[in-house]
Amino acid sequence: MNLTKLYLAPMAGAADIAMRLMCFDHGADMCTTEMISAAAVKYGDKKTFRLAAIDEREGVCALQVFGHDPGVIAYAIKALYDNAKVKPAAFDINMGCPVKKVVSNGDGSALMRDPLLAANIMEAAVKASPVPVTVKMRLGWDREHINCAELCRIAGECGVSSVCVHGRTSRDMYAPGTVDINAIAEARAAARIPFTANGDITDVESAEKMLSATGADALMIGRAALGDPFVFEMIRAGLGGLPYTPPTVHERLFAAKRHLLLMVGLKGERTGVCEGRKHAAWYTKGMTGSAALRRRMNSASSTAEMINILEEIEKVQNYDGTTDPY
Ligand SMILES: Cc1cc2nc3c(=O)[nH]c(=O)nc-3n(C[C@H](O)[C@H](O)[C@H](O)COP(=O)(O)O)c2cc1C
């Protein structure tokens with residue numbers, strides 16, 4: 001049996017409560033909230049507190065914060081913890097976000113350019129947090145400044161409980177083929193605390209490759225779980241050498257409907273349907289004849305309309321496994 005933990009990656013705009021519930025149901029060992037602005041918490045922004053909420057049906061869930069001021073991060077951790085109905089299992093510090101709006105403020109992956117400030121933030125977070133603190137980072141700012149090994153070592157010294165490294169630099173953004181497994185392995189060797197590897201894990205083969213090269217304690221999966229929460233079961237079975245039967249089209253569409261209903265239940269029909277369209281599109285990607293029906297989803301405004309479209313997609317499937325290049 002393979003005991004490698006499988007985590008869902010934090011994904012702003014996607015990995016909300018509904019997606020996390022779907023992933024927990026299909027075998028994710030831990031999920032993380034979307035990134036939460038420490039500054040917005042300090043301003044008392046109500047929407048930010050709603051975004052940070054964890055549902056009582058969830059499994060082990062970490063709450064991710066971003067910011068660049070140790071005092072504000074410490075304040076946010078305390079406020080989020082005190083206000084949370086369901087307490088997070090850990091606070092995760094975002095040191096990986098490459099988005100311009102975030103790094104231009106000194107947040108996210110910009111922290112990797114200033115290890116001293118990063119250390120102050122980690123220390124302040126550990127001191128403020130009633131639960132373990134974890135850190136998610138990239139390889140470094142760019143190819144000339146790969147310093148994740150140094151930051152992983154510093155994280156351990158600051159009392160951080162575990163680190164996750166996404167094997168791209170900030171400058172790489174999400175460019176295909178840029179994940180550097182050897183650099184992740186170097187960070188793993190430098191970290192004296194539990195280590196999670198992340199980047200382009202999509203199937204059993206890529207999971208095995210990441211594990212054997214890095215010896216990570218856990219693997220984190222992001223984009224491969226969009227519209228496919230089954231990916232956790234598939235990879236777990238594969239790593240354990242167990243037989244695995246992939247979900248049928250019917251099972252995938254059933255999951256898409258469940259996901260939509262969870263979103264509507266949690267966010268109300270208007271927002272649930274609006275935000276649910278992209279998830280439904282991910283679930284149905286590549287299914288026979290779904291392209292035209294997916295276009296119809298974009299103007300669907302009710303749950304019933306969305307469910308009807310998903311059922312129509314099911315009716316036009318070729319059960320011989322052929323797919324439409326959408
Ligand atoms: C839509 C989207 C939103 C993301 N939001 C966050 C975030 O809020 N915090 C974070 O640390 N990483 C975020 N990431 C990065 C992922 O957590 C992950 O590191 C990255 O997608 C690489 O993993 P993958 O190849 O398995 O997708 C995001 C990625 C995507 C695609």
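Visitor: Let's start in β4. What's the bridge partner of serine 37 there?
Guide: Phenylalanine 66 is the partner of serine 37 in β4. Keep in mind that this is a predicted model.

Visitor: And which way do β3 and β4 run when they pair?
Guide: Parallel, with 2 bridges between β4 and strand β3, which covers residues 36-37.

Visitor: How many bridges join β2 to β4?
Guide: There are 2, and β2 (residues 31-32) also runs parallel to β4. In that pairing, cysteine 31 sits opposite cysteine 61 of β4.

Visitor: What about β4 and β5, how many bridges there?
Guide: β4 and β5 (residues 90-95) are parallel too, joined by 4 bridges. Valine 65 faces isoleucine 93 in β5.

Visitor: Why is β4 described as largely enclosed?
Guide: Because 6 of the 6 residues in β4 (residues 61-66) are buried, the strand is largely enclosed by the rest of the structure. Cys61, Leu63 and Val65 point to one side and Ala62, Gln64 and Phe66 to the other, with all of them buried.

Visitor: Switching to the ligand, which residues come nearest?
Guide: Ala9, Met11, Met35, Gly222 and Arg223, out of 22 residues around the ligand.

Visitor: What's the class make-up of that shell?
Guide: The shell around the ligand holds 10 nonpolar, 8 polar and 4 charged residues.

Visitor: OK, domains. What does the assignment give for the chain?
Guide: Domain 1 takes 5-239 and domain 2 takes 249-315. The contact between them involves 7 residues from domain 1 and 9 residues from domain 2. On the domain 1 side, the touching residues are 6 nonpolar, 1 polar and no charged.

Visitor: How far apart are the two C-alpha centres?
Guide: Those of domain 1 and domain 2 are 29 Å apart.

Visitor: Now α12. Where is its kink centred?
Guide: On arginine 277, with a kink of about 35 degrees in the helix, which covers residues 269-284. Arg277 is also one of the buried residues of α12.

Visitor: Which others in α12 are buried?
Guide: Besides Arg277, they are Gly272, Val273, Gly276, His279, Ala280, Tyr283 and Thr284.

Visitor: Why would residues three or four places apart point the same way?
Guide: Because an α-helix has 3.6 residues a turn.

Visitor: What covers the buried residues of α12?
Guide: The cover includes α11 (249-267), α13 (290-297) and α14 (303-315).

Visitor: And which residue with a positive phi follows α12?
Guide: Glycine 286, with phi near 85 degrees.

Definitions and conventions. Residues numbered from 1 in each chain as written. Predicted model: local features only at pLDDT ≥ 70, side-chain atom pairs only at ≥ 80, totals over all residues. Near = placed C-beta within 6 Å. Nonpolar A, V, L, I, M, F, W, Y, C, P; charged D, E, K, R; others polar. Bend = angle between axes of the 7 residues up to and from the residue. Buried ≥ 20, exposed ≤ 12 C-beta atoms within 10 Å, placed from the backbone. Contact = placed C-beta atoms within 7 Å. Domains from an automatic or database assignment. Pairing = 2+ DSSP bridges.
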